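This briefing concerns the two chains shown below and the way they meet. Please read it alongside the sequence and the coordinates.

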Amino acid sequence: MSTTETTESKTTDEPGGPADSVALYDVDHPAPVIEPPRKRTAKTPKASRGNFEMQTWLFMRLSGIVLVVLVLGHLLIQLVLDGGVSKIGFAFVAGRWASPFWQVWDLLMLWLAMLHGANGLRTVINDYAERDNTRFWLKMLLYAATVFTVLLGTLVIFTFDPNIR
Amino acid sequence: MPAGTLYRGREGMWSWVAHRVTGVLIFFFLFVHVLDTALVRVSPEAYDDTVAIYKTPLVNLMEYGLVAAILFHALNGLRVIAVDFWSKGARYQKQMLWTVMGVWIVLMAGAFYPVLQHTLRELFGS
């Protein structure tokens, strides 16, 4: 670490004493005012995006906590208990979706995970796609895929028919 | 060694990178997973035939990788929440990351046999 000593008036011999730092600015010699880096000026556009980014920031944390429970529970049932992946098949799905509890579990998990993931990818696209056009179309693709997946998953949960055949 | 003129990352940056990478991987899997589950609306055979892919050794191993990604993302996500909302969170972020890694290793060791048992039984007999 380098120390740049700018204090002009050393009034005491004691190193590090409180007198070291007092004399630089006073009422007659006020410290220079530093402008806030993002101060709003006359040129700043009036229409702002509100607090959308803050809301998505909060959503990521709230949905994250719920998803920890929903997803880890899902993994435990599907991949760990009762023989792991071996048991999974149409009959197993039919057995679980016979209960409204697991239907709601899966529906909530689908919506929260898709929105959480879509917003995460939106952030990643905003960070790395530098050209305006690329960024726009990547996000359109993301939103289309998200809407499609959420609607498809929801439809499947609500219209599931154990006696399809 | 001179004072840091180049950002060398360390725990904070690397956990951020890992959080991104695992998040993107999980999202792509989720997309595929909703599509394969949708096959229950086609026919029981279509669904069972597709789920059979999940039971092959390679894909079974990838499921263990998926569990690894999800567990890290979940545990580190809780750490991020603690950094944001707990008054001492930022001060203890490194200790929390090592706690995350410790819990992750324990859970991954515990998940090894249950997740891979299908392949292990197939390869080495029951």
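In chain A, 60% of the contacts with a separation of 6 or more are between residues 24 or more positions apart; two residues are in contact if their C-beta atoms, placed from the backbone, lie within 7 Å. The model is predicted: local features need pLDDT of at least 70 and side-chain atom pairs count only at pLDDT 80 or more, while totals for chains, interfaces and linings use all residues. Residues are numbered from 1 along each chain as its sequence is written, and chains are lettered from A and ligands numbered from 1 in the order in which they are written.

**Chain A**
- Chain A has four helices and zero strands, where helices (H or I, at least four residues) and strands (E, at least two) are DSSP runs numbered from the N terminus.
- Along the sequence, the pattern of chain A is α-α-α-α.
- Buried residues are 12% of the 165 residues of chain A; a residue is buried if 20 or more other C-beta atoms lie within 10 Å of its own, exposed if 12 or fewer, and partly exposed in between, with C-beta atoms placed from the backbone.

**Chain B**
- Chain B contains four helices and zero strands, in the order α-α-α-α from the N terminus.
- Of the 126 residues in chain B, 22% are buried.
- The radius of gyration of chain B is 19 Å, whereas a compact globule of 126 residues would have one near 14 Å; the value is taken over C-alpha atoms, and the globule rule is 2.2 Å times the number of residues to the power 0.38.
- The C-alpha atoms of chain B occupy a box of roughly 60 × 35 × 30 Å along the principal axes.

**Interface between the chains**
- Contacts link 35 residues of chain A with 34 residues of chain B.
- On the chain A side, H1(A) gives the most, with nine residues.
- That side of chain A comprises 22 nonpolar, eleven polar and two charged residues; Ala, Val, Leu, Ile, Met, Phe, Trp, Tyr, Cys and Pro count as nonpolar, Asp, Glu, Lys and Arg as charged, and the others, Gly among them, as polar.

**Helix pair H3(A) and H1(B)**
- The axes of H3 (residues 100–128) of chain A and H1 (residues 10–38) of chain B come within 10 Å and cross at roughly 135°; axes are lines fitted to C-alpha atoms, for helices over the stretch in contact, and angles run from 0 to 180 degrees between N-to-C directions.
- H3(A) and H1(B) are therefore oblique to each other: angles under 35 degrees count as roughly parallel, over 145 as roughly antiparallel, 65 to 115 as roughly perpendicular and the rest as oblique.
- Among the residues making this contact are A:Gly117 and A:Gly120 of H3(A) and B:Gly23 and B:Phe27 of H1(B).
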